[in-house]
Amino acid sequence: MGSRASTLLREEEIEEIKKETGFSHSQITRLYSRFTSLDKGENGTLSREDFQRIPELAINPLGDRIINAFFPEGEDQVNFRGFMRTLAHFRPIEDNEKNKDPTASEPLNSRSNKLLFAFRLYDLDRDDKISRDELLQVLRMMVGVNISDEQLGSIADRTIQEADQNGDNSISFNEFIKVLEKVDVEQKMSIRFLH
Amino acid sequence: DSEEESMSEGEMERLKEEVEEKKKVIAIMRNKPWRMKRRLVHLKECQEFVDKFEGALGKGKGRKFYAYKVMMTKKWIKFQRDFENFKTTCIPWERKIKEVESHFGSSVASYFIFLRWMYGMNMVLFGLTFGLVVIPEVLMGLPYGSIPRKTVPRAEQPTAQDYSVLMDFNGYCKYSVLFYGYYNNQRTIGLLKFRLPLSYLMVGVGTFGYSLMVVIRTMAKNADVGGGDGDDGEFTFAWKMFTSWDYLIGNAETADNKYASITTSFKESIVDEQENQKDENIHLRRFLRVLANFMIICCLGGSGYLIFFVVKRSQEFANRDDLSWYEKNELELIMSLLGLVCPPLFETIAELEEYHPRIALKWQLGRIFALFLGNLYTFLFALFDEVNNKKEYYANFTLYNNDTDTTPPPMDPSDVIRGPCWETAVGIEFVKLTVSDIQVTYLTILIGDFARAVIVRFLNYCWCWDLEATYPSYGEFDISGNVLGLVFNQGMIWMGAFYAPGLVGINVLRLLSSMYYQCWAVMATNVPHERVFKASKSNNFYMGLLLLILFLSLLPVVYTIMTLPPSFDCGPFSGKAKMFDVIMETIDLDLPAFLGTLMGYAANPGLIIPAVLLMVLAIYYLNSVSEAYQHANAELKKKMQMARDEEKNRRNNTESTDQVMKDLEDLLPNRSLLPPAPPPETGAGEHHTFTSNVNEPLAPIVQCR
């Protein structure tokens with residue numbers, strides 16, 4: 001398991017990924033072996049079917065959208081770099097990172113980037129707003145047919161009413177941040193990559 | 001030693017700080033995303049430091065003792081934590097209840113949690129009764145057949161083993177440890193000199209004492225939880241929508257449960273919202289509510305009269321011998337039927353009132369409570385009436401018989417003439433009532449829920465209208481009926497346990513089987529309520545009912561112990577004038593003399609009345625203190641809310657909520673008193689900056705004094 005993985009991943013690549021995502025050397029190696037174990041076609045990229053084999057993603061009501069978030073626009077395969085780029089959002093925030101120089105671009109796992117990732121899951125048409133229809137779609141996926149359409153509409157309206165501040169009947173990214181202000185996003189959207 | 005003693009105060013402080021810091025690092029070590037090796041190295045380092053220097057913080061000679069004390073504290077904390085873990089794994093039926101909760105909502109689950117709590121309490125009572133009363137009598141007392149009270153009389157012996165007689169709790173059942181009459185009145189029994197009559201009385205009183213303590217303690221604990229609701233009302237729906245899924249779930253069945261619980265939680269919030277927004281036609285509603293209450297009072301009156309009538313009839317029946325099965329059990333049947341028919345009737349009438357489901361549930365519970373209470377007390381009065389009547393008659397009888405006891409010829413115990421035993425008779429009545437209650441409940445579930453579900457499911461294939469969607473469809477779980485059934489069952493157990501020690505054992509079995517049976521019935525045959533509502537956070541309503549019933553069932557037993565003379569021929573108090581004479585006897589014979597005189601003084605009314613007054617004053621004082629705390633709490637909450645609103649408004653650049661700030665702004669319109677707005681972000685909606693609000697400069701107003 002270990003030997004095959006490390007021969008196919010070069011040192012320079014590991015360094016680049018480290019700089020881009022902030023993962024450590026051993027974390028990257030570990031994730032690479034996970035990547036290869038998911039890659040049943042053994043062609044160095046993952047397809048959507050490969051992701052759907054993961055039970056937690058298959059059961060998740062928004063599973064398809066999460067899987068979509070891994071793939072860049074319009075493509076059907078994701079390579080290891082893309083895989084790591086998406087996973088970087090779920091790296092836990094470390095205390096000492098807050099002291100890094102402010103001129104460097106924001107790391108991928110900052111609170112605001114985590115929230116942006118979640119926001120993009122809901123905002124399918126990428127217009128930077130979550131509209132009522134998009135909320136309805138999500139509700140239907142979460143709750144199924146157990147609640148009537150009328151009530152679902154009321155829930156969506158009420159959610160927008162709670163969050164909307166500038167009166168455009170949709171939730172912008174800033175309003176989204178405001179809603180989840182008191183939610184411990186750093187904890188909930190972090191996976192502790194164990195060694 | 002001398003060098004440690006020479007450490008200055010400042011150094012001690014610094015050392016203490018460092019030790020504290022190391023301890024903190026140890027505590028949060030788990031959350032850091034480090035490599036395992038690094039963690040282990042750090043941990044060892046910190047622990048060594050702490051071990052070395054913590055001991056040094058004790059002064060001089062006490063150092064070793066201090067280190068020892070610290071080590072014992074650590075061991076104790078570890079033991080406590082392990083014990084907590086063990087206790088949590090011991091909680092029974094947790095998974096079952098969680099399953100019910102995710103499918104049916106928190107209010108249905110609260111019934112099962114209540115049932116589990118009752119089971120725990122009854123187990124303790126069972127342990128007390130069996131351990132201190134039944135087992136000693138069985139192990140150390142005289143066996144069956146040795147004395148008259150323990151033997152079936154000759155006349156009854158041929159039928160004593162018949163099934164019908166045993167079902168009535170006569171025959172061998174009557175003369176067994178289950179009932180009061182079996183126990184002997186010897187002051188001490190066996191080698192250990194176990195004082196059975198004293199133990200019987202103490203256990204009887206102790207049952208009430210323990211139950212009281214447990215109920216009040218649970219009420220106090222629940223009252224704490226009910227207080228801090230906090231400000232989660234701000235983004236209820238948004239939070240539910242964006243954060244309710246648990247991404248760690250990998251099991252399909254768990255995922256189904258989670259779906260069900262998300263749906264239920266949405267429905268609960270919808271109902272809460274609807275209730276807050278209904279508009280009122282006050283007069284019509286008030287009229288309807290008064291009408292509904294009037295109708296219900298009529299029903300209650302009717303049922304009370306019915307019970308009274310039936311009890312009188314059963315007294316007449318007691319004088320006859322040729323009774324059909326119906327006539328023998330008429331009383332129990334009528335009581336159970338009333339308990340079955342009236343609650344749905346109340347619920348139908350209550351639809352006129354249009355309350356929030358949670359409040360409607362409380363009204364329903366209150367009404368059924370009144371119904372059962374009326375029934376129970378009518379029953380009790382009638383019973384004691386009979387007892388009083390019989391006692392006078394039989395008092396003469398036994399008095400007469402005792403004259404011939406001076407030289408008792410050796411007779412077979414079953415031939416000895418003995419007087420009646422009213423306590424056993426009362427005990428038998430309670431046991432019969434309990435058993436018939438159990439039977440009716442189980443039968444109702446079987447027929448009302450299970451048979452109905454089977455019929456609806458299978459007959460639907462060949463029926464003209466859709467049975468599942470319209471009438472009769474599947475049943476909903478009747479929370480109020482079940483809770484009250486449980487509470488009143490417990491009331492009967494409390495009342496009857498003194499006369500029939502075996503009753504507690506029967507109840508434990510009943511609660512155990514009820515848990516499994518009802519869990520199965522709910523999951524297999526019921527559908528969730530149409531309007532799902534959250535149970536109120538404090539379960540004190542159920543506990544309050546239980547407390548009331550406890551007091552009400554205490555009264556008859558205390559009356560018996562203090563006033564009624566025990567039967568002459570049976571039970572542990574036979575031969576005494578009053579039951580509590582046992583205590584007097586114990587004080588006289590077993591305790592040293594000065595205690596006796598002490599208690600004599602303590603019982604003086606001159607001492608008791610001031611004590612009662614003192615307690616009343618203490619209650620008043622504690623009440624005012626608690627009110628003051630609540631007031632302070634409310635003030636603090638208001639302050640927090642205001643601070644939060646201020647911050648919200650500052651960020652939104654709208655007007656201030658603080659009246660003082662508003663006035664100042666009006667006076668000085670050109671200068672903004674609030675901090676400047678943050679720079680507008682890309683891709684966001686329009687922000688109003690503060691300066692755009694102010695259109696025209698107003699003339700500055702000169703301050704006049």
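Which residue forms a salt bridge with Glu16(A), and how far apart are the closest N and O atoms? The partner is Arg81(A), and the closest N and O atoms are 2.8 Å apart. A salt bridge here is a side-chain nitrogen of Lys or Arg within 4 Å of a carboxyl oxygen of Asp or Glu.

This is a predicted model, in which local features need pLDDT of at least 70 and side-chain atom pairs count only at pLDDT 80 or more, while totals for chains, interfaces and linings use all residues. Residues are numbered from 1 along each chain as its sequence is written, chains are lettered from A and ligands numbered from 1 in the order in which they are written, and side-chain values use heavy atoms, with hydrogens and water left out.

Helices (H or I, at least four residues) and strands (E, at least two) are DSSP runs, numbered from the N terminus. Glu16(A) is partly exposed at 40% relative accessibility, and Arg81(A) is partly exposed at 23%. In these terms, buried means under 20% relative accessible area, exposed over 50%, and partly exposed in between, with a 1.4 Å probe and protein chains only. The pair also belongs to a network of salt bridges that links Glu16(A), Glu20(A), Arg81(A) and Arg85(A).

Over all chains, the structure holds 21 salt bridges. Among them is one between the side chains of Arg10(A) and Glu12(A), at 3.4 Å from N to O. Arg10(A) is partly exposed at 47% relative accessibility, and Glu12(A) is partly exposed at 48%. Another joins the side chains of Arg53(A) and Asp50(A), at 3.0 Å from N to O. Arg53(A) is partly exposed, with 45% relative accessibility, whereas Asp50(A) is buried, with a relative accessible area of 5%.

Aromatic rings make further contacts. A pair of aromatic rings is described by the distance of the centres and the angle of the planes. Rings of Phe, Tyr and Trp (its six-membered ring) pair if their centres lie within 6.5 Å; planes under 30 degrees apart count as stacked, over 60 as edge-to-face and the rest as tilted. The structure holds 40 aromatic pairs over all chains. In one of these, the ring centres of Phe119(A) and Phe173(A) are 5.3 Å apart and the planes stand at 65 degrees, so the pair is edge-to-face. Phe119(A) is in helix H8 (residues 111-122) of chain A and Phe173(A) in helix H11 (residues 173-179) of chain A, so the pair ties together parts that are 54 residues apart in sequence. Both Phe119(A) and Phe173(A) are buried.

Chain B gives a tilted example: the rings of Phe450(B) and Trp520(B) have their centres 5.3 Å apart and their planes at 50 degrees. Phe450(B) lies in helix H15 (residues 422-459) and Trp520(B) in helix H17 (residues 502-525) of chain B, so this pair ties together parts that are 70 residues apart in sequence. Phe450(B) is partly exposed at 32% relative accessibility, and Trp520(B) is partly exposed at 40%. Elsewhere, ring pairs link Tyr180(B), Tyr182(B), Tyr183(B), Tyr200(B), Trp422(B), Phe498(B), Tyr499(B) and Phe573(B) into a cluster.

H15(B) gives the most to the patch, with 6 residues. Tyr461(B) lies in the loop between H15 and strand E1 (475-476) of chain B and is exposed, with a relative accessible area of 69%.

Strand E1 of chain B contains Gly475(B), which is buried at 6% relative accessibility. Helix H16 (residues 479-496) of chain B has 18 residues. Of these 18 residues, 16 are buried, so H16(B) is largely enclosed by the rest of the structure.

Terms used:
The expected span of a helix is 1.5 Å times one less than its number of residues.
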